[in-house]
Amino acid sequence: MQLGMVGLGRMGSNMVKRLLNNGHTSVVFDRSPQAVQDLEKAKAVGSSSLADMVAKLSKPRAIWLMIPAAVVDQTIAELAPHLESGDILIDGGNSYYIDDIRRSSALAPKGIQYVDVGTSGGVWGLERGYCLMIGGPTAAVEYLEPIFKTIAPGVGDIPRTPGRDKIGGTAEEGYLHCGPSGAGHFVKMVHNGMEYGIMAAYAEGLNILHHANVGHKAGEIDAETTPLREPELYQYDFNLSDVAEVWRRGSVISSWLLDLTAAALTKSPALAEFAGHVSDSGEGRWTIKAAIDEGVPAPVLTASLYERFSSRGEADFADKLLSAMRFEFGGHVEKKAKL
């Protein structure tokens, strides 16, 4: 098949390469001419503008947007005048599913089909393939199946889930039509909210192990420091790289995220090149909002989102207030921050 790709960042460019490597063709566009030129070397067809890309695509056109959620509406507004009934727009970024419902309704009178695809795989997708969670009209999804099948990982060497052979479907190949407009990004939204919680669990657990040698250190003796009553119980110097590695081998908590954690700790045991400012791109917030709207408790996911806020200094003023209150009621003077 032929696919137009708008947005040639790490994921978009690798998706195009995966398609080209498997016999598909692609017309590409990016605001960076260099990104277009790089993919032209891989046999993609470059374009100088959105209009130029549309002109180079065969009808019915299929155009995949792999761009930040904040610029999807603007890009669709630029593309729509050049599209015709029967064309398909695919948003493979991390858009809010509510926006998908609105966009699908707005494009429908023009006969343009809109498909939302939650895409997971990060920088490893070229090699491993991308997990695809798809929402939109059945006819458009079925038409695009050769594209989805190529981008997705396939069954690979993952053992089949017992009984899965009796169920069938595409899920075990790494792509799934989850439902109507917004369904793909809704599933991906919750996926990313869960990702926050899983990442936080690994980070907090390994941090406990990291500090398990606190009994070796001379504790400060003053009214502002809780004493360690039994320092002899905390005198372990764990090699976290080795701990993460052994957990990968047959433990209940093994996962691809743990694989990546082990790799990071092997490369840099002290993680000195990281400041610890953890971003969130929106999906965790939207997951918590959905949980609130549904009346469903999600304490772990909520706490992991708030921890990301704290990591960026958003708790600094609240912490100063706590310190101020302690000084006001008890004259407690702040201890100097650890360097």
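First, some housekeeping. This is a predicted model, where local features need pLDDT of at least 70, side-chain atom pairs count only at pLDDT 80 or more, and totals for chains, interfaces and linings use all residues. Residues are numbered from 1 along each chain as its sequence is written, and side-chain values use heavy atoms, with hydrogens and water left out.

Let's start with the backbone. Lys59 and Pro60 are joined by a cis peptide bond, with omega at about -10°. Pro60 belongs to the loop between α3 (50-56) and β4 (62-65); helices here are DSSP runs of H or I with at least four residues, strands are runs of E with at least two, and both are numbered from the N terminus.

Next, Lys43 is not a glycine, yet has a positive phi of about 85°. You'll find Lys43 in the loop between α2 (33-40) and β3 (45-46). Is Lys43 buried or exposed? Its relative accessibility is 71%, so Lys43 counts as exposed. With a 1.4 Å probe and protein chains only, buried means under 20% relative accessible area, exposed over 50%, and partly exposed in between.

Now the aromatic rings. Rings of Phe, Tyr and Trp (its six-membered ring) pair if their centres lie within 6.5 Å; planes under 30 degrees apart are stacked, over 60 edge-to-face, and the rest tilted. The count comes to 6 aromatic pairs. One of them is Trp64 with Phe148: the ring centres are 6.2 Å apart and the planes at 65°, so this pair is edge-to-face. Trp64 sits in strand β4 and Phe148 in helix α8 (residues 145-151), so the pair ties together parts 84 residues apart in sequence. Both Trp64 and Phe148 are buried.

Tyr96 and Trp286, by contrast, are stacked, at 4.5 Å centre to centre with 15° between the planes. Tyr96 is in the loop between β5 (88-91) and α5 (97-107) and Trp286 in helix α12, so here the linked parts are 190 residues apart in sequence. Both Tyr96 and Trp286 are buried, and they form one aromatic cluster along with Tyr97 and Phe186.

Some rings also meet a charge, which sits over a ring if NZ of Lys or CZ of Arg is within 6 Å of the ring centre and within 35 degrees of the ring normal. Arg128 has its charged end over the ring of Trp256, 3.9 Å from the centre. Arg308 lies over the face of Tyr196, at 3.6 Å from the ring centre.
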